[in-house]
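Welcome! Take a look at the picture first, and then read on.

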Amino acid sequence: MSTAVDMPRFVRANQVEALPPPNLARGPIAWVRENLFSGPFNTILTLVVFYLLYVTVPPLVRYLIIDAVWTGSDRAACRADAGGSESGACWAFIWDKINYFIYGSYTISERWRVDVFFALLAIGVVWMLWLRAPRRDLGAVYFFWIFPIVSYVLLTGGDADFGVRFWIGFAIFGALVIALFAFFAALLKAAMRPALIMGGGIVAVIGITLALVDIDFGLPHVPTSLWGGILVTLLVATVGIVVSLPFGIVLALGRRSKLPIVRMASVIFIEFVRGVPLITVLIMANTMLPLFLPAEMTVDRLLRPLIGTALFAAAYMAEVVRGGLQAMPKGQYEGAMSLGLNYPQMMTLIILPQALRIVIPGIVNTFIGLFKDTSLVAIVGIFDLVKTIEASRIDPSWAAPTIGITGYAFAALFYFIFCFGMSRYSLGVERRLAAGQKR
Amino acid sequence: MIDVHKWYGEFHVLRDINLNVRRGERIVICGPSGSGKSTMIRCINRLEEHQKGRIIVDGTELLNDLKRIDEVRREVGMVFQHFNLFPHLTILENCTLAPIWVKKMPKKEAEEIAMHYLKRVKIPEQANKYPGQLSGGQQQRVAIARSLCMSPKIMLFDEPTSALDPEMVKEVLDTMVGLADEGMTMLCVTHEMGFARQVADRVIFMDYGQIVEMNTPDEFFKNPQHERTRLFLSQILH
Amino acid sequence: MIDVHKWYGEFHVLRDINLNVRRGERIVICGPSGSGKSTMIRCINRLEEHQKGRIIVDGTELLNDLKRIDEVRREVGMVFQHFNLFPHLTILENCTLAPIWVKKMPKKEAEEIAMHYLKRVKIPEQANKYPGQLSGGQQQRVAIARSLCMSPKIMLFDEPTSALDPEMVKEVLDTMVGLADEGMTMLCVTHEMGFARQVADRVIFMDYGQIVEMNTPDEFFKNPQHERTRLFLSQILH
Amino acid sequence: MQTVVSQTSPPRKSFLYDPKVRGIFYQVVLVAAVVYLFYMAATNAIENLQRAKIASGFGFLNNTAGFDISQSLIQFSAAGSTYGDAFIVGLLNTLIVSIIGIFFTTILGFTIGIARLSKNWMVAKVAMVYVEVLRNIPLLVQLLFWYIAVLGTLPQPRNSLEMGAGFYLNSRGLFMAKPIYGPNISVLVAALAIGLVGTFLYRRWAKKQQEQTGRQSPVGKVTLALILGLPILTWIVLALVGANPITFELPRKGTFNLTGGLQILPEFVALLLGLVTYTAAFIAEVVRAGILAVSKGQSEAAGSLGLTPGQTLRLVVIPQAMRVIIPPLTSQYLNLTKNSSLAVAIGYPDLVQVFMGTVLNQTGQAIEVVVITMGVYLTISLVTSFIMNVYNRRVAIVER
Amino acid sequence: QATLNSVKQKGFLTCGSNTGLAGFGQPDAQGNWTGLDVDFCRAIAAAIFDDPTKVRFIPLAAKDRFTALQSGEVDVLSRNSTMTMSRDTQLGLDFPAVTYFDGQGFMVRKKLGVASAKELNGASICTQQGTTTELNLADYFRANNLKYEVVAFATSDETFKAYDAGRCDAFTTDASGLYAERLRASAPDDHIVLPEIISKEPLGPAVRHGDNQWGDIVRWTHNAMLNAEELGVTKANADQMKTSENPEIKRLLGTEGKFGEAIGLTNDWAVRIIKHVGNYGEVFEKNVGEGSRLKIKRGQNAQWTKGGLQYGIPVR
Ligand SMILES: Nc1ncnc2c1ncn2[C@@H]1O[C@H](COP(=O)(O)OP(=O)(O)OP(=O)(O)O)[C@@H](O)[C@H]1O
Ligand SMILES: Nc1ncnc2c1ncn2[C@@H]1O[C@H](COP(=O)(O)OP(=O)(O)OP(=O)(O)O)[C@@H](O)[C@H]1O
Ligand SMILES: [Mg+2]
Ligand SMILES: [Mg+2]
């Protein structure tokens, strides 16, 4: 090989082909040495960790799996004094109560409705989260409009019985809205047709929603006091996300508005909500909401924490969305403006689609927080999963020392699977977004 | 532009700018960094608000009036240093967006026009790609096509080539020369003196927010009058 | 450097690099992007590890030996493309950090030396500012001064001017020319051919991790031997 | 030059298109809506309250409370204390658990965050599993788990676990010796003061030494020796000469429970454990992100100047990472404080449990109680973020 | 708006009930409620609609029961709530009847060997926060100069579970509750109820202050059930008794006079109650009495004729 050492000039005659790297395939022993025992300090660390694992993992596995009681119909199975075994988790208890954990006290003959709700929810979630799903715009309509109505009807039984007077009132309201749009169109000398279509559209959407809620589909009514378990947990989370996302976007836009009062109002709301613990918001919704409403009006007990959590989540969501808006380069606004787009067009066509896309991880993380926080409704007496476990725990026919741990282990597992799944998802999106940025 | 002044807070960015651009005229603006070139050009389509003086574009005065601003923006196309394409839309969608939403043009027609201009800037085959998949020079040409789709009467360019790798500058300048040859009214902030020599009707040199010198390119380069201009040219032309 | 090879995983970045740099010699390295220029220069002060061959710096061979690596790094100064100044320290502190902690120099003395080199790069008045307050060219000059404060025998430059605005390039190049004139041993990755012509003793052209051509600047520019070099030069020199 | 001015129509402003006018219009609508909402809420509330004959106002704070609280830092008894006192007890309990929690969670969080970046594969993986598990399970479930599943299985007082050194553990909590300060305690305090002053002086001397000769002194070790070692030494000496400044009251067995000594309620322990382990998972992520945020170029530059890896970490990486870490760290501290309100689920008498629970029920004055409680949390949040903003402004990397 | 009208308009009664207290108000897994308190609500529904199923039970925690009533969320609160002067006068409530005379007691583990509440010096005691129980407890220990450690929880479930798990030495609540909760202990026989009753706890339904007609309905529902027991009118014989010649029975069952219409109901209101739900004795026996799982003696809740305090006000 011609060397270039000390040569003032050198011209390569033939190209050196790419060679495989030397000794790339290192054995597992080399790997262990390099990654676990590369020095005295590391060796000690490794040993300490091994010891920690030794004292935690085997007992855990033994408790949760090997020594666990898998079958049985009452507490005898999980009590040593009654001939059972109490050295491990009592999964028989979970198995026995599983329907209660899923549906609460929902009328047994009507539980298929809950199953349909779960299925609809799954469809909606997959549609929204799967970035390459077809027609995601339709998905949004489904998730934020159709699905809530259908679920409402399905779960409660619908048939809200508004009565004729209500509908007359609504007709007047609708006419007023359309007239208002027409008036503004005339005032601004804008085209009349789109204004009428827009006004009519808004009225129609509200009307259809209300009509669907009003129609009697022949489903028996199931009062919300019977709902419980995973149904309620998922419901609170779903309502939270369905409400908080649009509301959060509005708040975020408000906070970035140039109008001082709009901005102030948004800031005050956001900072207030973020400054207090969720539990106080829930207690407030529970005890104060009725006080602030006219005497004849009562709010369903389940609805109160729903409102509380949704508002709470909206404030956090607003901050996430704001992050996305801030991350948008100024050039995007300017590009849109220089093409002559107006503010709503600029926001809906250019800024929000991009901003929301970058904050998908943030949104999912907020949702994870929201999902975990749903457990707090148990404190205000709503029978979510945690509360149903609490309630079953004191069932004397299952009274056994291991019941508590088993119940919470089950809850922990449930939440972990959901939250961990979502956090992996958001991580995946984050990576993909990062990769997209590069090129 | 008559006697335009502008302040950022306490800072006087534009001072006494008087400039009358005739239809079909091509003007190149140069000057050191921070001299207010971008600001001036951005005032013309009201991305920035001026505080004193009047700016009249094609007979419409720029005031606090949303309708007029919209009108002016429809007449004025702008190409930015960093392209500012919309990364979530394809090239074609980038080009058809404004015609569809602002001019209420049918989608088909808008696409035909867009394809026409994409051919004009020689990248019709990229129409269905996303901006992120294009090179800088291609992106800038898309940005030009996007502006052209609104059939503006005036085009503004703010350092359109300075974010590009040297190899790509030429593509973009060629496109711009082509446009100039067709008689488009153009205001262009650039330091590409070759371009200025080739197409400009007038060259303007700005410093400290003022127009220091304005002349035909020949005169400007050969015989700069103001001391500041001479200094600047000596730096630029090595 | 004798027969140096380096892999990133499966990827063969440096292939058969043989290079002997004499004391006081000034070498400019150029080549297309991804050809391994940075990697080579980073191997010299062991920011990257090579897998085959030997690198001997000032009589010390680079091996897996912390003590030697430290020695070598004390002898070799490096200036990065993106300056990598410490943003939480003032300019002066940036320059005195290494002398104080590595050379255990009294603070007073370190500051005197730092001021000396800051004067050398013509920005003594910025000593108490933070890097964020300086322009790119000034920052790069601070980076040079910071390296010089360790009185290295060899200076490595990795595209020191490519992140700078054109006007600032000159400041930095001037500083580097000054250094070269003082007889510092320098290895410089750069595409500034003017600089190469002016100061380099040898110009090296790299591609695909290999040294393709090496020659004196005169010969190199006038009469490139290798086809690849010619192609490259034609692109660079317009 | 042809003038364009003559062609222009005179600038007639159309009122409706003026953005300022529109802005004012929108804001008026918003204000009207908000005012209307508040007005409705207020009138309804007043009407409802009158109908329900609930007294309003904050006078109830001076009424005798009549109930007891299991843990209070101030003197509190059913006989003489008022609802106002109960409020203070709750607030102090919230603060104490928050402060202690913040202390431990910081240590644990930094440890795990750094462990996640460890080159030791085992350590990094175990830290990762910790973070993933802990942060994906609701805090409430964790608290209940600690309280019921772990602490609930502790033995009854009669079979207390004796852990030596005066420590006992049973289902009533953790018991330990209670220090009783003797008259010589002042000596100990003086020793501590001397240690502090000495450290200060030594540090100044070390700096000067460096500036003059370049020699570096072992500042960390000396500091430790002065602040910890000196008082401990003094104590030992005093004890040996028989003038022990601190004696301990040990817990003794009583009828029902251990008496005397210091008792730490299991509710407190469970809450603290839950808050610390949960928040630490988040802090670990903050720390990791902060360290990763310092670009690789920084450590490369430091390396190329010849700084050792240790010096690089200490002088270049950590100072920059801290700026990134501190803001999210503060919000984790705030979260911990807010999350301490979950105490209500396990019966620890924090602000929410005592005030929004017991007091609200005994008095029925929902609005006042809710307003006060939320006000407290809000104040804590606002004060913290204010301090944070000031801090941020001061440490912000100075830029052009 | 009058509560009766709104109830009729809705077509059902909303009744605030306990979240779960055996014998008084407790739902099973299917949501069927049983207990003395919920049966009382069924009696009101029967009186209004002639249908005891037209009730919706709203489970309420101790801490939000009164707000729920005040805000109109429930029409009547029948949830083992103690009548006290301050609740009657300051919370805007009325307690029209006492359905169960109770008193606060203590439960301890047999193992402790404690025979009297006076021996509880130094014990830790589990109680529910926001109740009169919590206040009585403080009063009693103060009066007897005893020390104790209070551990308060938000719901009775949590309170009892904490006691059962050994967090406390003693558990205190109304005696009825002690018996009810004992059923749920992991080993009910390990616990005893101490003899001391430290307070008077008259438990009864509550309504909003100011709607006298509604208050009357609730008051007389209770009295009708008491009188029925006293007069021997039972669920089984209610229809036959209409033919009885006893003027007191005739007035009660509406064959004489217009007493039902006077409170806005039909004259056969009492028949409806007894026919559908039963008289007081029957309801007591079924839910909490010696035949039930709770095995509570009638004691103070016996008819006045049998030495108890339950004294039906004459229908006249
Ligand atoms: N939004 C703003 N707020 C305050 N000052 C600004 C703002 N935008 C620009 N400036 C200042 O106004 C001056 C003129 O800016 P302008 O961008 O017009 O300069 P320029 O001539 O285009 O420079 P360059 O060649 O660097 O683009 C500069 O000093 C700049 O710092
Ligand atoms: N840490 C790394 N891991 C894997 N591959 C790398 C790494 N760093 C660089 N490479 C690859 O090694 C090759 C040489 O990189 P190098 O940075 O030396 O090129 P260069 O000649 O300096 O290019 P440029 O002019 O863009 O700076 C490139 O193809 C690059 O993708
Ligand atoms: Mg500019
Ligand atoms: Mg490189």
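A residue counts as near a molecule if one of its heavy atoms lies within 4 Å of it. With that in mind, ligand 2 is surrounded by C:Y8, C:F11, C:V13, C:P32, C:S33, C:G34, C:S35, C:G36, C:K37, C:S38, C:T39 and C:E159. Please remember throughout that this is a predicted model.

**Ligand 2 and chain C**

- By class, the residues around ligand 2 comprise four nonpolar, six polar and two charged ones.
- Two elements of chain C, β2 (11-17) and α1 (37-44), each supply at least two residues of the shell around ligand 2.
- The largest share of that shell comes from α1(C), which provides three residues.
- The side chain of C:S38 has a polar atom 2.4 Å from an oxygen atom of ligand 2.
- C:G36 takes part through its backbone, where a polar atom is 3.0 Å from an oxygen atom of ligand 2.
- For C:E159, a polar side-chain atom lies 3.0 Å from an oxygen atom of ligand 2.
- On its own, ligand 2 has 630 Å² of accessible area, and the protein covers 59% of it.

**Ligand 1 and chain B**

- The residues that surround ligand 1 are B:Y8, B:F11, B:V13, B:P32, B:S33, B:G34, B:S35, B:G36, B:K37, B:S38, B:T39 and B:E159.
- Sorted by class, this shell holds four nonpolar, six polar and two charged residues.
- The greatest contribution to the shell around ligand 1 is made by α1(B), with three residues.
- An N or O atom in the side chain of B:T39 is 2.4 Å from an oxygen atom of ligand 1.
- B:K37 places a polar side-chain atom 2.8 Å from an oxygen atom of ligand 1.
- In B:E159, a polar side-chain atom lies 3.0 Å from an oxygen atom of ligand 1.
- The protein covers 60% of the 640 Å² of accessible area that ligand 1 has on its own.
- Which elements give two or more residues to the shell around ligand 1? They are β2 (11-17) and α1 (37-44) of chain B.

**How the chains meet**

- Chain B and chain E have no contact, and their closest C-alpha atoms lie 50 Å apart.
- Chain C and chain E are likewise not joined by any contact, with their closest C-alpha atoms 52 Å apart.

**A closer look at chain A**

- In an unreviewed UniProt entry, the annotation "transmembrane region" covers residues 112-131, 138-155, 167-188, 195-213, 225-253, 265-285, 305-325 and 398-422 of chain A.
- One of these annotated stretches is residues 112-131 of chain A, which is 90% helix and 0% strand, with end C-alpha atoms 30 Å apart.
- The domain assignment of chain A gives domain 1 (39-68), domain 2 (91-106 + 223-291 + 298-438) and domain 3 (160-214).
- Taken over C-alpha atoms, the centres of domain 2 and domain 3 of chain A are separated by 31 Å.

Definitions and conventions: Residues are numbered from 1 along each chain as its sequence is written. Chains are lettered from A and ligands numbered from 1 in the order in which they are written. This is a predicted model: local features need pLDDT of at least 70, side-chain atom pairs count only at pLDDT 80 or more; totals for chains, interfaces and linings use all residues. Side-chain values use heavy atoms; hydrogens and water are left out. A polar contact is a pair of N or O atoms within 3.5 Å; within protein, one must be able to donate a hydrogen and the other to accept it, and residues adjacent in sequence count only if both atoms are side-chain atoms. Accessible areas come from the Shrake-Rupley method with a 1.4 Å probe; for residues, only the protein chains shown count as cover. Helices (H or I, at least four residues) and strands (E, at least two) are DSSP runs, numbered from the N terminus. Ala, Val, Leu, Ile, Met, Phe, Trp, Tyr, Cys and Pro count as nonpolar, Asp, Glu, Lys and Arg as charged, and the others, Gly among them, as polar. Contact means heavy atoms within 4.5 Å. UniProt positions are given in the numbering used here, feature names are shortened, and annotations may be inferred rather than shown by experiment. Domain bounds come from an automatic or database domain assignment.
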